[in-house]
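Open the model in your viewer and keep the selection tool at hand. Each stop below says what to select and what is there.

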Amino acid sequence: MNDSGHLVQAGDGTPGHVAVSQAASSVRWLLNDFLGSVAGVVDAVVVSSDGLLLADSRDGSRSEELAAIVSALTSLAAGAAGSMARGAVKQTMVTMDQGHLVVMAISDGSCLGVYASLECDLGVVAYQMALLVERAGHALTPQVRSELHRAMAVR
């Protein structure tokens, strides 16, 4: 803990880095592991139900932009599902000239947004996303969501 009462990551004197619980670290680790192990995945974010960036797969400058897009797309898909009275949205996909944006719901209302290259195997990406959603969903308690949001805000 520093003089102002903020936790600082052990061994990391980098300004703006806040220590987080093991559960919050686990969500970040899962996201980074997903990025490193699933071929064709370029970027990934976890976004809260109210559109806040909770975690990203890298400290990229476009994470906030991707989170906003994922949040808007999730809202639009939920509106469409409600209008058609066909139940909750499980997954949304947008295919562009140079890649795919896939969004998958997490049990608490948060969502996982993944940008993948056009050459990726979408079946593998979707399967691995489903596994990640299941694992991260168990870890995303209200306390962890709050922690992750505070840590992202400090960056």
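Select Glu65. Glu65 is partly exposed, at 40% relative accessible area (buried means under 20%, exposed over 50%, partly exposed in between; 1.4 Å probe, protein chains only). The rule asks for a side-chain nitrogen of Lys or Arg within 4 Å of a carboxyl oxygen of Asp or Glu. By this rule the count is one salt bridge. Side chains of opposite charge can pair when their charged atoms come close.

A note on the source: this is a predicted model, where local features need pLDDT of at least 70, side-chain atom pairs count only at pLDDT 80 or more, and totals for chains, interfaces and linings use all residues. Residues are numbered from 1 along each chain as its sequence is written, and side-chain values use heavy atoms, leaving out hydrogens and water.

Next, select residues 63-84. This is helix α2, with 22 residues; helices here are DSSP runs of H or I, at least four residues, and strands are runs of E, at least two, numbered from the N terminus. From first C-alpha to last, α2 reaches 31 Å, close to the expected 32 Å at 1.5 Å a residue. The expected span is 1.5 Å times one less than the number of residues.

Which residues of α2 are buried? They are Ser63, Leu66, Ala67, Val70, Leu73, Ala77 and Ala81. They cover an arc of only 130 degrees around the axis, so they lie on the same side of α2. The arc is taken from the directions from the helix axis to the C-beta atoms. Turn to the face away from the buried side: it carries the exposed residues Ser75, Leu76, Gly82 and Ser83.

Show what covers the buried residues of α2: the cover includes β1 (41-47), β2 (53-56), β3 (91-96), β4 (99-105) and β5 (111-117). Contact means heavy atoms within 4.5 Å. Step past the helix to Ala85, whose phi is positive, near 50 degrees.

Move to residues 142-154, helix α4. The buried residues of α4 are Val144, Glu147, Leu148, Ala151 and Met152. An arc of only 130 degrees around the axis holds them, which puts them on the same side of α4. The face turned away carries exposed Pro142, Gln143 and Ala153. Covering the buried residues of α4 are elements including α1 (22-37), β2 and α3 (122-139).

Last, pick Cys111, buried at 4% relative accessible area, and Cys120, buried at 11%. The structure holds zero disulfides (a pair of cysteine sulfur atoms within 2.5 Å).
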